[in-house]
Amino acid sequence: MTQPDVINKLYLKDFVDLSWQIRRERLILADIIRLHQKEVVFDLLKTAYSKLSGPIESLKTVDRILGAERDAQRWLVDAAARKAIDADLQARGYSPSKVLALAHLKGAAEIGGAADCVVRNPTIDGA
């Protein structure tokens with residue numbers, strides 16, 4: 001191997017390593033945002049929960065919290081439930097984009113920390 005071939009291989013290795021690191025970091029950031037979206041949905045459902053029968057005043061706090069937690073989890077994993085819950089939240093003035101914005105605000109420190117990690121450690125082994 002000649003010297004330019006070795007240098008080109010090193011550049012290629014760096015490029016591949018950084019490409020995979022960027023992909024991993026994007027997945028981590030997406031998971032952080034999704035977690036905070038679920039928390040925002042849970043908080044919104046908990047404060048104005050309407051899925052159980054009867055007026056909101058007649059529901060026990062535990063029933064509201066458990067029902068809201070169940071629905072927030074369904075919102076996260078079930079597309080049909082997500083559509084129904086999004087419609088319910090939209091009726092209350094919380095569009096999906098507003099929920100996403102609230103999730104970004106709620107997770108700003110974690111999102112910023114993950115982005116800083118990418119800047120400080122650009123490769124897998126930190127070299």
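A residue counts as buried when its relative accessible area is under 20%, as exposed when this area is over 50%, and as partly exposed in between (1.4 Å probe, protein chains only). The structure is a predicted model, in which local features need pLDDT of at least 70 and side-chain atom pairs count only at pLDDT 80 or more, while totals for chains, interfaces and linings use all residues. Residues are numbered from 1 along each chain as its sequence is written, and side-chain values use heavy atoms, with hydrogens and water left out.

Side chains of opposite charge can pair when their charged atoms come close. A salt bridge is taken as a side-chain nitrogen of Lys or Arg within 4 Å of a carboxyl oxygen of Asp or Glu. Ten salt bridges were found in a search of the whole structure. One of them joins Arg70 to Asp71, with 3.5 Å between the closest N and O atoms. Asp71 is buried, at a relative accessible area of 1%, whereas Arg70 is partly exposed at 42%.

Glu69 pairs with Lys38 in a salt bridge whose closest N and O atoms are 3.3 Å apart. This pair connects distant parts of the chain, 31 residues apart: Glu69 lies in helix α2 (residues 61-77) and Lys38 in helix α1. Helices are DSSP runs (H or I, at least four residues), numbered from the N terminus. Lys38 is buried, with 15% relative accessible area, and Glu69 is partly exposed, with 32%.

A salt bridge also forms between the side chains of Asp88 and Arg92 (2.8 Å, N to O). Asp88 is buried at 16% relative accessibility, while Arg92 is partly exposed at 26%. Elsewhere, Glu39, Asp43, Lys46 and Lys106 belong to one network, joined by salt bridges that share partners.

Helix α1 (residues 3-47) packs against helix α4 (residues 96-106) at an angle of about 110°, and their axes are 8 Å apart. Axes are lines fitted to C-alpha atoms, for helices over the stretch in contact, and angles run from 0 to 180 degrees between N-to-C directions. The two helices α1 and α4 are therefore roughly perpendicular (65 to 115 degrees). Contact (heavy atoms within 4.5 Å) involves Ile33, His36, Gln37, Glu39, Val40, Val41, Asp43 and Leu44 of α1, together with Val99, Leu100, Leu102, Ala103, His104 and Lys106 of α4. By class, the contact of α1 with α4 comprises eight nonpolar, three polar and three charged residues. Here Ala, Val, Leu, Ile, Met, Phe, Trp, Tyr, Cys and Pro count as nonpolar, Asp, Glu, Lys and Arg as charged, and the others, Gly among them, as polar.

Note on methods. Parallel < 35°, antiparallel > 145°, perpendicular 65-115°, else oblique.
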